[in-house]
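Take a look at the structure first, and then we will go through it together.

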Amino acid sequence: MEKLILRNISFVEDGKKIVYDYSVDSQIQKFFVEDQPFYIKYQVDISSTPGSIAVIPFLSNMLPIAWFAGFEIEVDEIDEDFYHAQEEVKKEFEKRGQSLNGKLTAKKMVKNNVKGDQTAMLFSGGVDAYATYIRIHDKKPDLVTLLGADIQIEDKEQWNDFANFIETEELLKENQKEFIESNLRDFYTYQVELLLSDIGWWGKVQHGLALIGALAPISYVYSYGAIYIASSYTDHIDIDWGSTPTMDEKITWGSGVKVFHDGYELKRQDKVDLIADFSAKTDTKFKLRVCYSEKRTEFNCSVCEKCFRTILGLILNGKNPNDYGFNVDEKIYDKFYKVLNIGGASKGVRYFWWELMEKAKHVDEFYVFNNKEAETKQINDIRQGKIDSLLEQKINNPNKGIHRIKFIIRNKFPGLVRLYSKLK
């Protein structure tokens, strides 16, 4: 079996950055970017972290590749609880019907003790994250955000805007903020995407284990006993996703760190309802950061599909979306159909819009921008399934497999694609 061998772990930059020195056999080199080895960086000195825990961020990103590609990862030592946890997570992926042959080998198992009473949560500022924050805000969780996950490392402008938003939001003022930087989406090549029958490695496989594992070193420093990750989907829909209760809540280390996958019983619209209700009861308004679109020139772009879903959810709760980080008016309804008619659609996206259709059927009052009669007609169209019908046609499009072909061409021949774009 081909191998990836972790040769050394180093703490650099005043103990704030972990650098991993590893080698890979030639047959599996195609999965890794040679000049971008995996690293992770914190705001605090984490050099006191035992090697058996410091290795967890590395393994949390490498292991899924090894499982699906069928190679072995060899390390000197590993936290005993995490070793057994990763075996259970692997079994959850195998339940999707694919036999996974990769494995982890450690020369030494270490029983660590990271028990503590502090709470942390992964915080993106979006609907899912705020819903979880509202549900556990009495615990005063530390808010942990990763640069390199939703925002590219080189996009300093967007990252600075985002970090400033978290630091200055009045609602979050009593929570400690932790920022982590990692090239967790840049250390591997497009060949990793092709390990799946359809592209979407980050969402379908990597992100749950990767994000949770990133907290291992600071959990040791800050004695986190509980880590929360907000659900993306719900138990109402069956979809391949890399973060579920059965996966995330099996992840542990240090004889006591417990992971909670929060909000899985809630539909996305339930979460918007929760946010609107909390805002009304506490008389607070706060921005929702749902958008990372390149079209964004303000807090959210307010013109992408994800923005539209949140905007409509707020409207159906009688809330002005402009109070929650958006910039829209009554013309928003016509824009829904123009944008949704472009590109592909997924079962998950259709489900989210179905939720909105059902919500619209059960509300008598909604937020009116300007003309109640005209806007009521638009809401009635949504109630009657106009958007749902559009998305159904897109999902059933027989040409939807073309996206995988385009992805391969873009990544295999980037020079030709750039030249074509210029000539075009």
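How much space lies in the largest cavity? The answer is about 60 Å³. Keep in mind that this is a predicted model, in which local features need pLDDT of at least 70 and side-chain atom pairs count only at pLDDT 80 or more, while totals for chains, interfaces and linings use all residues. Residues are numbered from 1 along each chain as its sequence is written, and side-chain values use heavy atoms, with hydrogens and water left out.

**Cavities**

- Rolling a probe the size of a water molecule over the atoms shows where empty space is left.
- Searching the whole structure turns up three cavities of 30 Å³ or more. On a 1 Å grid over the protein atoms alone, a cavity is a set of points where a 1.4 Å probe fits but cannot get out, and lining residues have an atom within 4 Å of a point. Grid points are joined across faces, edges and corners, and a volume is the space filled by probe spheres set on the points.
- The largest cavity is lined by Arg268, Gln269, Val272, Arg309, Thr310, Phe352, Glu355 and Leu356.
- Helices H9, H10 and H12 each give at least two residues to that lining. Helices (H or I, at least four residues) are DSSP runs, numbered from the N terminus.
- Sorted by class, the lining of the largest cavity has three nonpolar, two polar and three charged residues. Here Ala, Val, Leu, Ile, Met, Phe, Trp, Tyr, Cys and Pro count as nonpolar, Asp, Glu, Lys and Arg as charged, and the others, Gly among them, as polar.
- The second largest cavity has a volume of about 40 Å³, and its lining is made of Trp353, Met357, Ile382, Gly385, Lys386, Ile387 and Asp388.
- H14 (386-395) supplies the largest share of the lining of the second largest cavity, three residues.
- Four nonpolar, one polar and two charged residues make up the lining of the second largest cavity.

**H9 and H10**

- The axes of H9 (residues 268-282) and H10 (residues 305-315) come within 9 Å and cross at roughly 55°. Axes are lines fitted to C-alpha atoms, for helices over the stretch in contact, and angles run from 0 to 180 degrees between N-to-C directions.
- That angle makes H9 oblique to H10. Angles under 35 degrees count as roughly parallel, over 145 as roughly antiparallel, 65 to 115 as roughly perpendicular and the rest as oblique.
- H9 and H10 cross in a right-handed way. A crossing is left-handed if the near helix is turned anticlockwise from the far one by less than a right angle, and right-handed if clockwise.
- Arg268, Gln269 and Val272 in H9 meet Lys306, Arg309, Thr310, Gly313 and Leu314 in H10, where contact means heavy atoms within 4.5 Å.
- The contact of H9 with H10 holds two nonpolar, three polar and three charged residues.

**H10 and H11**

- H10 packs against H11 (residues 332-340) at an angle of about 145°, with their axes 10 Å apart.
- The crossing of H10 and H11 is left-handed.
- Among the residues that make this contact are Phe308, Ile311 and Leu312 of H10 and Phe336, Val339 and Leu340 of H11.
- Nine nonpolar, no polar and two charged residues form the contact of H10 with H11.

**H12 and H13**

- H12 (residues 347-361) and H13 (residues 372-383) have axes that come within 8 Å and cross at roughly 120°.
- That makes H12 oblique to H13, and their crossing is left-handed.
- Met357, Ala360 and Lys361 in H12 meet Ile379, Ile382 and Arg383 in H13.

Methods:
1 Å grid on protein atoms, 1.4 Å probe; cavity = no way out; pocket = protein on both sides within 12 Å on 5 of 7 lines; lining within 4 Å.
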